Amino acid sequence: MAKYLRTDAENGILTITLDDPDASVNTVSPDWVTEMTQTIEAARDDEAITGIIIASAKSGFMAGADLKFILGEMQGMSAQDAFAFSQRATAMHRALETCGKPVVAAMCGFALGGGYELALACTHRILADDAAAVVGLPEVNVGLLPGSGGTQRLVRMIGVDKAMEALLEGRSYTPATALEMGMVDQVVATDKVIDAARQWLATEPDPTRPWDVKGFAIQQSNGLLKQSTAGIFTMVTAKLRSKYGDNYPAPISILACIFEGMQVPFDKGLLVESRHFAHLMTDPVARNIIRTTFVNKGLAQKGARRPDGFERRKVGKVGILGAGMMGAGIAYSAALAGIEAVLLDTDQATADRGKDWSRKVIDKLVARGKTSEEKGAVLLDRIHPTTDYQQLGGCDLVIEAVFEDTAIKADVTGKAEAAMPADAVFASNTSTLPISDLAKAFSRPGDFIGLHFFSPVDRMALVEIIMGQETKPETLARAIDFVAQIRKVPIVVNDSRGFYTSRVFQTFIHEGMELLREGVAPELIENAAKQAGMPVGPLAVIDETSIELPLKIVRQAEAEDPSYRRPTSADVMERMVDGLGRPGRKGGAGFYDYPEGGKKHLWPGLAEEFPVAESQPDVEEVKRRLLYVQSLETVRCLEEGVLTHPADGDLGAVLGWGFPTWTGGTVSLIETVGLETFVEECDRLAEAYGDRFLPPEGLRARASVGEGFDWS
Ligand code: NAI
């Protein structure tokens, strides 16, 4: 008895209905491949069967492999195992398309990854004209490639240009676009998919695939200039390399599959694909991406860090104090999730402007066809701008986002407490002030917590939840529930200077300025950071937020904490701000010049202020310094208990400040390098550049006994 599918034969037509009893979505798994293989072989040998329909009992047709399963498979997988893994699925698909009977994929909804590869191995593809129906091969997004023949069939079916786009961009295509691209053959109403499949089979179509007919030629590229195919591939490879460097092998491997596969017969092409697939499966990049941005992100949203024993609660009404950049964004995110949001500021006009921010976001979305006027209007109706604290009555949660000033924050906290329900949670969106200090302005410090959003709030998924010294576990549970409710990703940290994200990110910008102080060419610093995968160079980033800000943080730390060690990069900031009057972009000049109407560029005067040394370091060394310094600080946060789980370190880094996704985050980077090698390298860097590179003792101890981080 099969588990993952049902079969039903009627009038010579075999219907295979995919229906995983343990999940809401059909996914690819080795057992499913076995069942499919047996079913196909039986159908091939059964003369009474003249055609096959593959359908699904779920609302979607099929997704690819479950990423959690893939991650598990990757542990300790050899390239040989990975090759065999791909070849088994490939053989099943090949058996399907050569079984001598026409096969229709009757797709009632989405068919993605391995699900769409199955459809590609069918003779004919029918897709439901449904709002949720999409097809595509998104494997590139997780550092992989379609390993069941997808790269070979798509190129042969729709031609090089279009296949290259679909495979390298990993997009999902709506029914209309998929039809236009040739990715599906028919689009019909959802309830007509099976009828259409039967009708097509009734025409007694030839089951032979075009590439199995002698003389078949792949559609050559026509949209891409008048170059030879080899020329195009060289050009695209160069483009991909300049975009990803050597950091992200999947796009290059996909291109190689297409190019090499085009030179050989179809079956050889399938071998080429499996070989490249095996390489990506055993390379750490895909594992890192999948572990952090899919598996651990999903677990965080489901409440991996949520204390047990508290009922899950929903927020019906939220109060937001301060309708500035952050308050406005938080109100939008809450309203988007169906929550009533009171948006309070000192005067009505400012509060109204906070609501207008949402209006502008919605207008843009409507213009791009991403939402409707009606839905936008409903969302806007949920935002209530006001100056009246009494409106906070009935709120389950109040979030403070006023100026970064302890006295102002204390004032609004007291006023809010008098008006809000006695069991509501109070949260501060402060980016730098200790939560335990702010909690002093609230009579129930156990119900006080930090909810640190990132800007722009509508686009940034991360929320850093900060536990004050007295914050109750129940308050944490409620904060996590709220973050999940607004569909963002929570990480949980304990109170400390700069919390986790700001603290670690500071090390990146300080290292950038330290390099400058040492005489490293500014262009080299900025380019090395980008080549390492950081979204922006450290000098450009400081300019954006203002050089005054990190300088203020350093000075404050010096004043408050006698054990604080002033970074030498502070000299650079003082020179820029106090000496040269170049505080950053807002001040009109910083490390960069901002000519009116022109493009910003590094300030030529930097070379005079910070003379460029004659001998310049290797770019790899600069990249290493800029990334390792962040990983080291993350480990310190783990060892000091600021972070309680390595997954939070990774997620905060990737989602919070754009630490390169391919590394999996600041902790995963260390595991990829290998703890022992990382410690050795850091000892060397410490010797050469300073104690900030000295590995923390816990890390050294782990490395010495060959132990990894504790992910349990
Ligand atoms: P902002 O200056 O854009 O907005 C602050 C708002 O608070 C203003 O509209 C102001 O009128 C209002 N306000 C000031 N005093 C008030 C009072 N007594 N009662 C009511 N409203 C009052 O500032 P922004 O950027 O939105 O920051 C707000 C908070 O969020 C700060 O604590 C900041 O550190 C934090 N934060 C900022 C981030 C950013 O990227 N800007 C990121 C994460 C946190």
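Guide: The protein chain is divided into domain 1 (5–282), domain 2 (317–495) and domain 3 (502–705); domain bounds come from an automatic or database domain assignment. This is a predicted model, in which local features need pLDDT of at least 70 and side-chain atom pairs count only at pLDDT 80 or more, while totals for chains, interfaces and linings use all residues. Residues are numbered from 1 along each chain as its sequence is written.

Visitor: How far apart do the C-alpha centres of domain 1 and domain 2 lie?

Guide: Those centres are 45 Å apart.

Visitor: Why are H1 and H3 called roughly parallel?

Guide: Helix H1 (residues 30–45) and helix H3 (residues 79–97) pack at an angle of about 25°, with their axes 10 Å apart. Axes are lines fitted to C-alpha atoms, for helices over the stretch in contact, and angles run from 0 to 180 degrees between N-to-C directions. Angles under 35 degrees count as roughly parallel, over 145 as roughly antiparallel, 65 to 115 as roughly perpendicular and the rest as oblique. H1 and H3 are therefore roughly parallel to each other. Helices here are DSSP runs (H or I, at least four residues), as are strands (E, at least two), numbered from the N terminus.

Visitor: What makes up the contact of H1 with H3, by class?

Guide: There are 7 nonpolar, 1 polar and 2 charged residues. Ala, Val, Leu, Ile, Met, Phe, Trp, Tyr, Cys and Pro count as nonpolar, Asp, Glu, Lys and Arg as charged, and the others, Gly among them, as polar.

Visitor: Are H19 and H20 roughly parallel or antiparallel?

Guide: The axes of helix H19 (residues 501–518) and helix H20 (residues 522–531) come within 9 Å and cross at roughly 150°. H19 and H20 are therefore roughly antiparallel to each other.

Visitor: Which residues of H19 and H20 meet?

Guide: Gly512, Leu515 and Leu516 of H19 meet Pro522, Ile525 and Ala529 of H20, where contact requires C-beta atoms, placed from the backbone, within 7 Å. This contact divides into 5 nonpolar, 1 polar and no charged residues.

Visitor: Which of the 24 residues around the ligand come nearest?

Guide: They are Gly322, Gly324, Met326, Glu404 and Ser455; a residue is near a molecule if its C-beta atom, placed from the backbone, lies within 6 Å of it. The shell around the ligand has 11 nonpolar, 10 polar and 3 charged residues.

Visitor: What is the peptide bond from serine 455 to proline 456?

Guide: That bond is cis, with omega near -5°. Proline 456 sits in the loop between E15 and strand E16 (462–467).

Note on methods:
Contact = placed C-beta atoms within 7 Å.
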